[in-house]
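Subject: Structure handover, aromatic contacts

Hello,

Here is the structure for your files. My notes on its aromatic side chains follow below it.

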Amino acid sequence: MNYSIHLLLGLAMAPAPRDDIQRDGEEPTGLPLADLLKAGVDDIFRIIHDFHQQPISPARTRDFEQSLQDRLRDMGRQTAQWTYNQLEPRDVRELTKHVDFDRNSYTRLNKKTPQQAWTLFGPIQLRRVGYRPTDKNGDAALFPLALSLGLVHGASPALAERAAQLLADTGMTQSRTLARLRQDYGVGWGVKKLRQVTAAVSEAMTEQRHEVQVERLLALLTTAAESKGRHKPVLSVGRDGITLGVRCQGGRVYEVASTGTVSVLDRRGQRLGTVYLAYTPESCQGTMSSALTQLLTAVFERWQQPLPRLCYVTDAGDNETSYYEQVLSKMRHPRTGEKLAWIRVVDYYHASERVWALAELLFGKGRESTAWARKMLKLLKKPSGVNRVLHSAAALRDRRHLCGKKQADFRKAYRYLRDRMTYMRYAEYRRWGVPLGSGVTEAACKTVYTERLKLSGMRWQKAGAQTILNLRVLLLSGVWDQTYARVLERFVEAKVGSQHVFDEIEAEFAA
């Protein structure tokens, strides 16, 4: 099954209830909805009347709206509770005696049992019929109504989505998220419940992320192909690392997490959109490389028009360089088998840092150093720019007779530029409409990680951090709604089986 049933079931499957939980007498859903809401409507008119009886002021306007919001939310809660409790007949004998779910058969219990569920309007009591495993193997009971509603650990799909979205948002810690849930929806969860719901939503959405991101990139490429301008559309890939503190048995260690980006630029060189990937620290970043490669391969396989210009823009880090050398430079088109022509770009701003380093080593800090560096940065964007910068730097070094640490630092910066000259053809890149810098990927490190995972006092375990990262990349990629819609479409319900077949099964168990 496509959907992670075990996570999404939550409280939909629970230990079989005891008979003494059932209460005799009228169920709370027995009254007509109009009667249930009458007290709320009367309260609303009273709130309006009281507001009109006093002089209007900003403070009273605020109190009026807050009171009105509270009453309307309570009426929404009653409406949701009444509506959901009407989905199953009051007489449980009207329901089929057996259901089939996940290749197992279940037999109906004879009484409804209550469950507290949470909605956008607050907590409700859901009275539902349970089904115990027909073979009485001790497994959890099944509640088809809860499954049909799509409860996630007791939360409605709308509330579960909102909770996950809040927790993944910029600056939203667990305590802030719980406070917002109490304030906006009257939901008094604890940390454990929030983590359960968020982990379930994160895992379910991650299962759909690849397909949705592929569709997003194909849509962006279509827009780019239809745009007007003098360049070919560009598919720009980037990746970068960022240090993240993770908890371990000995305390906290700092390791390098990874971020990947795939952007589409139109014929005028304007970025139309970006999809993001992010993974917690891992040796050699194999998960990032695999996910990025699968994403690109799927896009090339399904893209039927002429290929855009392909570029890979990063700094010169070990993982970034090895991915180009071991994967991208050898990549072939999945349908035609032709080798793909990737343009490797070493980020201009990392190159410029070395130019500034050379300037300070040659001239020291001051006006002369600044003037030379600015002149070299202009040269860097001209044809054979790196060569001209290196010649100037070498000539000045010979005249100034650097020695000791200055000479070693000079060689380090000089070699950085010399060894990567092939990937610093910035004049050509500008002519082709290819980005010179990895600003999108650098910014991703800030937006994906720093603004959420690196707030004051935060400590993470890898599993918890990855849960948030999975949600954040969907938010930032602009595909949250499409992804969650696919999650709900793939939710599997309990299916009513043939009564004749189940009678035979029950007879077999009885024998």
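Arg344 places its charged end over the ring of Tyr423, 5.6 Å from the ring centre. The charged end of Arg344 also sits over the ring of Tyr324, at 5.8 Å from the centre of that ring. Please keep in mind that this is a predicted model.

Next, the ring pairs. How many aromatic pairs does a search of the whole structure find? The search gives 12. One of the pairs is Phe363 with Trp372: the ring centres are 6.1 Å apart and the planes meet at 50°, so this pair is classed as tilted. Phe363 has a relative accessible area of 19% and is therefore buried, the cut-off for buried being under 20%. Trp372 is buried too, at 9% relative accessibility.

Tyr429 and Trp432 make another tilted pair, because their planes are at 50°, with 6.3 Å between the ring centres. Both residues belong to helix H14, which covers residues 426-432. They are three residues apart there, about one turn of the helix.

Trp432 comes out at 23% relative accessibility and so counts as partly exposed.

Tyr429 and Trp432 are also members of one aromatic cluster, together with Tyr348, Tyr349 and Tyr426.

Regards

Definitions and conventions
Residues numbered from 1 in each chain as written. Predicted model: local features only at pLDDT ≥ 70, side-chain atom pairs only at ≥ 80, totals over all residues. Heavy atoms only, no water. Phe/Tyr/Trp six-rings, centres within 6.5 Å; stacked < 30°, edge-to-face > 60°. Buried < 20%, exposed > 50% of the residue type's maximum accessible area, 1.4 Å probe, protein only. Helix = DSSP H or I, 4+ residues; strand = E, 2+ residues; numbered from the N terminus. Lys NZ or Arg CZ within 6 Å of the ring centre and 35° of its normal.
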